[in-house]
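Dear colleague,

I am handing over the structure we spoke about, and below it you will find my notes on what turned up in it. Please read them with the coordinates open beside you.

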Amino acid sequence: MPTTPLPRRAARIAAVTALTAALTPLSGMPTSGAAPMAPGDNGTLKIHTAPWDGVARTPYGDAIDEPRVCRFYLDAANFETITAVTWNIATQPNVPGGATLRGTLNLAGGIGHTEDLNLPDGQYQLTWTFTGITGGERQKTFSVDCRTSMTTPPPGPQGGPPAGGGGIARGEAFTTVAGAGIVGLAAVGGVMWFRLRRRTHGA
């Protein structure tokens with residue numbers, strides 16, 4: 001079986017290694033089509049709950065992002081040196097004459113927040129942009145739902161019916177069953193007292 005002399009084999013390995021290194025982009029250099037990050041590209045607008053019907057405000061600067069709100073505000077973070085962000089909210093999917101909100105949010109140190117906002121119940125898309133943004137505008141979707149208060153208890157008696165399904169609620173069940181039990185005990189006691197009385201008198 002023919003073998004390749006070691007010097008020639010080592011030379012081939014060295015040549016392949018050199019070719020691979022030449023075809024590999026240098027570390028830290030941008031590749032073709034990739035744009036460098038601009039200040040503010042890592043920034044985001046978060047949707048936070050504003051006070052409504054007893055529900056507390058989500059604190060400014062909180063990391064949470066709430067996809068379902070009623071009354072709300074926009075909270076900006078991580079915009080670095082950017083001083084203003086232009087935002088827009090529209091119905092999703094977009095419909096002619098649908099509810100919209102728009103504005104410019106001024107920032108200090110890359111953070112800031114809007115005033116409290118209101119929209120009719122529905123699905124919405126938030127978009128935002130700023131001067132010097134890399135690529136297109138950023139976006140996210142959320143919903144507004146004010147139909148049910150988180151602090152209002154549901155109507156009707158609290159607690160389900162007794163085991164077995166159906167029937168009456170627990171409070172009613174206790175009153176009815178206990179009453180029937182008391183009446184039954186009274187009836188049995190009366191019959192036993194009458195029989196003992198007859199035996200005592202020899203009847």
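In this predicted model, Val69 of strand E2 has Val144 in E8 as its bridge partner, and the two strands, E2 and E8 (residues 138-144), run parallel and are joined by 2 bridges. This pairing belongs to an open sheet of 5 strands with the order E2-E8-E7-E4-E5, in which the pairing is mixed. The edges of that sheet are taken by E2 and E5, each with a single partner strand, so one side of each is left without a neighbour in the sheet.

A second open sheet is formed by 3 strands in the order E1-E3-E6, with antiparallel pairing; its edge strands are E1 and E6, each of which pairs on one side only. Strand E1 (residues 44-49) is joined to E3 over 6 bridges in the antiparallel sense, and among these residues His48 has Tyr73 in E3 as its bridge partner. Strand E6 (residues 112-113) also pairs with E3 in the antiparallel sense, over 2 bridges, with Ala76 standing opposite Gly112 of E6. Of the 6 residues of E3, 5 are buried, so this strand is largely enclosed by the rest of the structure.

The residue I would ask you to look at with care is Asp75, which is placed in strand E3 (residues 72-77). What does a buried Asp75 have around it, given that it has no salt bridge? The nearest side chain of opposite charge is that of Lys46, at 8.3 Å, a separation that lies outside the 4 Å within which a salt bridge is counted. Setting aside neighbours within four places in sequence, the contacts of Asp75 include Thr44, Leu45, Lys46 and His48, then Pro59, Tyr60, Gly61 and Asp62, and finally Gly112 and His113.

Some points of backbone geometry also deserve a check. Most residues other than glycine have a negative phi, and most peptide bonds are trans. Asp53, although not a glycine, has a positive phi of about 50°; this residue lies in the loop between E1 and strand E2 (68-69), and because its relative accessibility is 47%, Asp53 counts as partly exposed. Asn78, likewise not a glycine, has a positive phi of about 65° and is found in the loop between E3 and E4. The peptide bond that joins Gln92 and Pro93 is cis, with omega at about 0°, and Pro93 lies in the loop between strand E4 (84-91) and strand E5 (100-106).

Taking the chain as a whole, the secondary structure comes to 2 helices and 8 strands, which follow the pattern α-β-β-β-β-β-β-β-β-α when read along the sequence. Of the 203 residues, 25% count as buried. Among contacts with a separation of 6 or more, 58% are between residues 24 or more positions apart.

Finally, a word on confidence. The mean pLDDT of the protein chain is 73, and 55% of its residues reach 70 or more. Over residues 19-32 the pLDDT is below 50, and beyond near neighbours in sequence this stretch has 1 contact in the model. Over residues 151-200 the pLDDT is again below 50, and there the stretch has 17 contacts beyond near neighbours in sequence. Where pLDDT is low, the predicted coordinates should not be read in detail.

With best regards

Notes. Residues are numbered from 1 along each chain as its sequence is written. This is a predicted model: local features need pLDDT of at least 70, side-chain atom pairs count only at pLDDT 80 or more; totals for chains, interfaces and linings use all residues. Side-chain values use heavy atoms; hydrogens and water are left out. Helices (H or I, at least four residues) and strands (E, at least two) are DSSP runs, numbered from the N terminus. Buried means under 20% relative accessible area, exposed over 50%, partly exposed in between (1.4 Å probe, protein chains only). Lys and Arg count as positive and Asp and Glu as negative; His and the chain ends are not counted. Contact means heavy atoms within 4.5 Å. Two strands pair if DSSP finds at least two bridges between them. pLDDT is the predictor's confidence in each residue, from 0 to 100.
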